[in-house]
Amino acid sequence: MTGKDIPEDYLDGYARLLGEVAATGRRLTREELQERRALGEQAAEAGVRMRPLITAHLAATRAHWPTGPTMRSGVAVDRVLAAVEQAVDAVAEGYERAQRIAVRQEEAARREFIDDLLHGRSDLGRLSARAERFGLRFSTAHAVAVAEGTIGYEEGDSVPRQVEQALIARFGDRSTLLTTKDGRMVCVAPGDQHDVLNYFAKQAYAATGGSRVGIGRPRPGVGGVTHSYEEALNTLDLATRLAFDGPVLRAADLLVFPVLSRDRQAMADLVHHTLGPLEQARGGAVPLLDTLSAYFDSGCVAAEAARRLSLSVRALTYRLARIHRLTGADPSDPVQRYTLQTAVIGARLLDWPARATAP
């Protein structure tokens, strides 16, 4: 839309103002300035761009420039130009105010949609209809990745903006949604576009100086986003409790752990009866539990486990023998090792022995 295409309604009364200012030398009144602001707001709400709107006012100034004896002095010209400046500034102020309100409303609508989407708090049909407005189409499955840094992030912070710009530069618009929730960065992408979530994880890690990313499994439909988001959060929680080192953790690779923790009482019984005797050791259960953890994490290689614990191989071997004597289970025996390793995982999940388990 050019300045010539601007409807006359947005220039209503402008020529009259110029004539009155030229004749009297007065400045625009508060009411007149408010009228200009209101016209600017109306133009913004109607989708008129600011540049053509300003161009139309300048063209109208040229077309309706006052003539006659009063305009022969430089003072009169200055007064008219001052009135033009006042009027255009008021129009621009109203326009910008309407834009700010629209942006805030859009941000509020987006935030409400994101909250409803991630927590499944709205009717699925309505959510699906609203999703297209924000670039998501639920005809395919979607997966969610969640990045958790050392500090919390809000929408609009420099780090989330940096990650979003990198994604857009690499992939353009691929029906993805990048946002923040509870201080974490969240990326929702079609489930078959693994490269998007992988790149998000890489960029989040680089931008935060070492964040950890959990990725949920692809799930169909609107409700699938909620399930994938919860999986990603649970994956991050598991990584913390089990002391996983990897920067990217996928729910699909950790399915055994939710299975193990599903029956909490059974797991507590296993931990208590298998590892409980370790509390009789001098120094308590923790050193021996750490020994088992290092031994299993190193693939049951004694030399590697000793290195991780800053022990000699002989000292590590003595500890393993002590565990065997106390528990009756031999860490080197394949069958008994499985029971011990499962109990060690349970101890991590239950934060044992810091939190006692019921016998």
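Partly exposed means a relative accessible area between the buried limit, under 20%, and the exposed limit, over 50%. The legends below describe a predicted model.

**View 1. Two cysteines, Cys-187 and Cys-300.** Cys-300 has a relative accessible area of 23%, so Cys-300 counts as partly exposed. Cys-187 is buried, at 0%. A disulfide is a covalent bond between the sulfur atoms of two cysteines. With a cut-off of 2.5 Å between cysteine sulfur atoms, the count of disulfides is zero.

**View 2. Helix H4 and the glycine that follows.** H4 runs through residues 74–119 and has 46 residues. From first C-alpha to last, H4 reaches 67 Å. The expected value is close, at 68 Å. Next comes Gly-120, with a positive phi near 60°.

**View 3. The largest nonpolar core.** This core holds 36 residues. Leu-275, Leu-278 and Leu-292 touch the most other members. Several helices give two or more residues to the core, including H8 (221–241), H10 (264–275), H11 (286–297) and H13 (313–327). H14 gives the most, with seven residues.

**View 4. The surroundings of Leu-278.** Neighbours within four places in sequence are left aside here.

How values were computed:
Residues numbered from 1 in each chain as written. Predicted model: local features only at pLDDT ≥ 70, side-chain atom pairs only at ≥ 80, totals over all residues. Heavy atoms only, no water. Helix = DSSP H or I, 4+ residues; strand = E, 2+ residues; numbered from the N terminus. Expected span 1.5 Å × (residues − 1). Buried < 20%, exposed > 50% of the residue type's maximum accessible area, 1.4 Å probe, protein only. Core = buried A, V, L, I, M, F, W, Y, C linked by side-chain atoms within 4.5 Å. Contact = heavy atoms within 4.5 Å.
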